[in-house]
Amino acid sequence: MIREVITYPNKLLRTKSKDVEVFDEELHTLLDDMYETMISENGVGLAAIQVAIPLNVLIINLPNEQDIQDKEDLIEAINPVITHKDGVQVNFEGCLSVPGFTEEIKRAKHIIIEYFDRFGNKKTVEAEDFIAVAWQHEMEHLTGHLFIENLSITKRKKFEKDWKKKLKSN
C-alpha cells in the first residue's frame, strides 16, 4: 500500500524515532509499504518517519548501471547505527519530504553500519560514495533531522524564504 509522504515543515519530521523491538508481520507490512511508496515517489531511500511512523526503520534502493531499481538490491535496515566514518564527499541531495529542492551537502565518504534485517538478523555493511550518502541521509531522518539543516546559515535562510513562498503559492 502506498502511504502519504509527509513534507517539511511537518513537525513529525523532527521526531526522534524509537528502536524496533518486535520483528513481526506488522514490521514486514511497513517495509513493504515503504518500498511501494518510495518507488511511486521516484525516491532512492525512505525512512519510516517520512510516512509518519517514528521507528528506526529505513530502506535504500539505488538504481543499477541500467538505471533500474532492482528489488534484489533493496536494503531494509532496522535500528541502524554508524560505527565508523571517514573521508569527505560533497554531493547534491534531495528529499521526498522536501520536494523540488536540491543542494550540495558534505558527508563522510566511507562508513560502516550495523543494523538488523526484517527478520532480526544482525548485519554489518561498509558503504562508500553515493550509497554512503544515502545511508547518512536516511539515518538523519531517524534522529529528527533533515538534510536542509546541513546547509550554511546563508543557504538555509534563502531556502526558508523560498520554501515559505512556495507553500503560500500552492
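The model is predicted, with local features requiring pLDDT of at least 70 and side-chain atom pairs counting only at pLDDT 80 or more, while totals for chains, interfaces and linings use all residues. Residues are numbered from 1 along each chain as its sequence is written, and side-chain values use heavy atoms, leaving out hydrogens and water. Helices (H or I, at least four residues) and strands (E, at least two) are DSSP runs, numbered from the N terminus.

**The sheet and its helix**

- Five strands make up an open sheet in the order β1-β2-β3-β6-β7, with antiparallel pairing, where two strands pair if DSSP finds at least two bridges between them.
- The edge strands, each pairing on one side only, are β1 (45-47) and β7 (122-128), and the twist from one strand to the next averages 35°.
- Three bridges join β1 and β2 in the antiparallel sense, and G45 stands opposite I60 in β2.
- Helix α1 (residues 25-40) packs on the sheet and touches β1, β2 and β3, its direction making about 40° with that of β2; axes are lines fitted to C-alpha atoms, for helices over the stretch in contact, and angles run from 0 to 180 degrees between N-to-C directions.

**The nonpolar cores**

- A nonpolar core is a set of buried Ala, Val, Leu, Ile, Met, Phe, Trp, Tyr and Cys residues joined through side-chain atoms within 4.5 Å, where buried means under 20% relative accessible area, exposed over 50% and partly exposed in between (1.4 Å probe, protein chains only).
- The largest nonpolar core has 17 residues, of which L58, I60, I111, I113, Y115, A127 and W135 touch the most other members.
- Two or more residues of this core come from each of β2 (57-60), β3 (75-86), β6 (110-116) and α2 (129-142), and α2 gives the largest share, five residues.
- A second, separate core of 16 residues includes V5, Y35, M38 and I59.
- Leaving aside neighbours within four places in sequence, Y115 is in contact (heavy atoms within 4.5 Å) with residues including I75, I78, P80, V125 and W135.

**Arginine R118**

- R118 is found in the loop between β6 and β7, and R118 counts as buried because its relative accessibility is 13%.
- The side chain of R118 makes polar contacts (a pair of N or O atoms within 3.5 Å; within protein, one must be able to donate a hydrogen and the other to accept it, and residues adjacent in sequence count only if both atoms are side-chain atoms) with the side chains of D32, at 2.7 Å, and E76, at 2.8 Å.
- Beyond its neighbours within four places in sequence, R118 is in contact with residues among them F23, L27, H28 and L31.
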